[in-house]
Amino acid sequence: MIVCLCKGVSDHRIRNAIHNGSQSVDELTLELGVCSGCGCCRETCEDLISECSGTATTVQVLCAA
């Protein structure tokens, strides 16, 4: 699924970046460009970071603009 519509970044690419060491939205922004456009994907990126670190309860996609 595409998480960042502005940059065309999928949840798979974000998960890979997290598994390869990205630990914050700022790091994901530097690596993938997510959250550097409209910012609508920020919460989903935060949720994916939590999910991949084992601290999340659910991941929601809130923006389908």
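Q: Which residues does Ser22 touch, not counting residues up to four places away in sequence?

A: A contact means heavy atoms within 4.5 Å. By that criterion Ser22 touches Ala17, Glu27, Leu28 and Glu31. The model is a predicted one, in which local features need pLDDT of at least 70 and side-chain atom pairs count only at pLDDT 80 or more, while totals for chains, interfaces and linings use all residues. Residues are numbered from 1 along each chain as its sequence is written, and side-chain values use heavy atoms, with hydrogens and water left out.

Q: Where does Ser22 lie, and is Ser22 buried or exposed?

A: Helices (H or I, at least four residues) and strands (E, at least two) are DSSP runs, numbered from the N terminus. Ser22 lies in the loop between α1 (11–19) and α2 (25–32). Buried means under 20% relative accessible area, exposed over 50%, and partly exposed in between, with a 1.4 Å probe and protein chains only. Ser22 counts as buried because its relative accessibility is 7%.

Q: What joins the side chains of Ser22 and Glu31?

A: A polar contact is a pair of N or O atoms within 3.5 Å; within protein, one must be able to donate a hydrogen and the other to accept it, and residues adjacent in sequence count only if both atoms are side-chain atoms. Here the two side chains of Ser22 and Glu31 form such a contact at 2.8 Å.

Q: Which residues have the most contacts inside the largest nonpolar core?

A: In soluble globular proteins, nonpolar side chains tend to be buried together. A nonpolar core is a set of buried Ala, Val, Leu, Ile, Met, Phe, Trp, Tyr and Cys residues joined through side-chain atoms within 4.5 Å. The largest one has 15 residues, and Ile14, Leu28, Leu32, Val34, Cys41 and Cys45 have the most contacts inside it. At least two residues of this core come from each of β1 (2–4), α1, α2 and α3 (42–53). Leu32 is in contact with Lys7, Val9, Arg13, Ile14 and Ala17, leaving aside neighbours within four places in sequence.

Q: Which residues of α3 are buried, and what do they pack against?

A: The buried residues of α3 are Thr44, Cys45, Asp47, Leu48 and Ile49. They pack against β1, α1 and α2.

Q: What follows α3?

A: Gly54 follows α3, and its phi is positive, near 85 degrees.
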